[in-house]
Amino acid sequence: MGSTTDPGYQPETTPDSAPTDTRKASEHTLDRPGTSRPRGEPKTPRRDETPPDPGQHGTGSTGTQEQDAPAGVQPSGQGQGHGHGSSTGDKRAKKPRPKHKEQWDRRLLSYVRKKQEESANADEQEGPSEHNLAVEVVARAAVCAYEKARGRVAEQMAQTHPGYDLISRNPLTGEDRFIEVKGVNGEWNQTGVGLSRLQFSNAQDYGDRYWLYVVEFVSYPEHTRVHPIRSPASQVTSFMFDGNWRDAVADERADPALAFIAGARVKHQHFGFGRIESMELRGSTRVMSIEFVTSGRRTVTLNLQTMSVVEEDDDNDHS
């Protein structure tokens, strides 16, 4: 639910020129999360640094995000030269980022995905692929090493275990951590990582004992970084729903029959104006006793084709 190493840390501001990812149409974005670099962790490699072996980069898959490689990696044939207009841009004074945008960048932002309708091939689309499992194995190993270096002992759960992936124990304090591991091939950026409904529910139930560990650059061992987040569910302050949630709006049409209640003024095609004295339901049929201005009291079955409710100030009341 955030991108910080410790709960009290606020992410750094994302520059205006930072590239953004194109989200899939099926993802309903709450906000655009800002990327950040936790304190104590190395910076993302610069373009002038020696790139890692491109052959280590995996392919995309469901569940683990295929993202950009470290900045030093470029596909063959792509240069780093600047366009003709770059000199003009360099001469322009860069405007300071507005304060309200800086505050926006420091928020812990998330987005949600609308639940997809079940289909015949849902298992094939949602099931873990070999690539997903391979990424998870590497990410888990990185977390185990991370825990060992800090004096804790991590025990791995089965890959099909619901809710979390590891239990890490501190032998000195007896503290337990229930850890959900999310591996990302490239940089952990705006694409984000996802918790299932059950995982988020576990995060709420376990509170401070539940941790989300995001492991980025899984395919680049020399750049792999582990980002532990304590109690991600408790750090959520609100659930935002943007305009894309129109796709989830329930189609509820008004029932005109509900307006025909005792006391309502009505107009009947044959009997004229009147007022409903009483109404009762007989199954799904509304049977009303109506005092008509010209026809007296009559028992009428509701027929929306011949009847309508009228306003009190209708001048045609005595027509």
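**A walk around the model**

Visitor: Hello! Is tyrosine 206 buried, partly exposed or exposed?
Guide: Welcome, and please keep in mind that this is a predicted model. Buried would need under 20% relative accessible area, and exposed would need over 50%. Tyrosine 206 has a relative accessible area of 25%, so the residue counts as partly exposed.

Visitor: How are the rings of tyrosine 164 and tyrosine 206 arranged?
Guide: A pair of aromatic rings is described by the distance of the centres and the angle of the planes. Here the centres of tyrosine 164 and tyrosine 206 are 6.0 Å apart. Their planes stand at 90°, so the pair is edge-to-face.

Visitor: How many residues apart in sequence are the parts that this pair of tyrosine 164 and tyrosine 206 ties together?
Guide: Tyrosine 164, buried at 9% relative accessibility, lies in the loop between β3 and β4. Tyrosine 206 belongs to helix α5, so the pair ties together parts of the chain whose separation in sequence is 42 residues.

Visitor: Which residues of helix α5 are buried, and why are they said to be on the same side?
Guide: Helix α5 covers residues 197-206. The buried ones are Gln199, Phe200, Asn202 and Ala203.

Visitor: Which strands are included in what covers the buried residues of α5?
Guide: Just after α5 comes glycine 207, with a positive phi of about 60°, and the loop between α5 and β6 holds arginine 209. As for the cover over the buried residues of α5, it includes β5 (176-183) and β6.

Visitor: Which residues does arginine 209 touch, leaving out those up to four places away in sequence?
Guide: Arginine 209 is partly exposed, at 41% relative accessibility. From C-alpha to C-alpha, arginine 209 is 9.8 Å from isoleucine 167, although 42 residues separate them in sequence. The residues it touches are Asp176, Arg177 and Phe178.

Visitor: Which residue in β5 stands opposite arginine 169?
Guide: Strands β3 (residues 153-156) and β4 (residues 166-169) run antiparallel, joined by four bridges, and valine 153 stands opposite arginine 169 there. β4 and β5 also pair in the antiparallel sense over four bridges. In β5, the residue opposite arginine 169 is aspartate 176.

Visitor: Which residue has its charged end over the ring of tryptophan 211?
Guide: Ring pairs link Tyr146, Trp211 and Tyr213 into a cluster. Arginine 150 lies over the face of tyrosine 146, at 3.5 Å from the ring centre. Over the ring of tryptophan 211, 3.7 Å from its centre, sits the charged end of arginine 177.

Visitor: What is the phi of phenylalanine 217?
Guide: Most residues other than glycine have a negative phi. Phenylalanine 217 lies in the loop between β6 (210-216) and β7 (225-230), and at 0% relative accessibility it counts as buried. Although it is not a glycine, phenylalanine 217 has a positive phi of about 55°.

Visitor: And what is the phi of serine 231?
Guide: Serine 231 is in the loop between β7 and β8 (265-268). With 2% relative accessibility, serine 231 counts as buried. Serine 231 is not a glycine, yet its phi is positive, at about 45°.

Technical notes. Residues are numbered from 1 along each chain as its sequence is written. This is a predicted model: local features need pLDDT of at least 70, side-chain atom pairs count only at pLDDT 80 or more; totals for chains, interfaces and linings use all residues. Side-chain values use heavy atoms; hydrogens and water are left out. Helices (H or I, at least four residues) and strands (E, at least two) are DSSP runs, numbered from the N terminus. Buried means under 20% relative accessible area, exposed over 50%, partly exposed in between (1.4 Å probe, protein chains only). Contact means heavy atoms within 4.5 Å. Two strands pair if DSSP finds at least two bridges between them. Rings of Phe, Tyr and Trp (its six-membered ring) pair if their centres lie within 6.5 Å; planes under 30 degrees apart count as stacked, over 60 as edge-to-face and the rest as tilted. A charge sits over a ring if NZ of Lys or CZ of Arg is within 6 Å of the ring centre and within 35 degrees of the ring normal.
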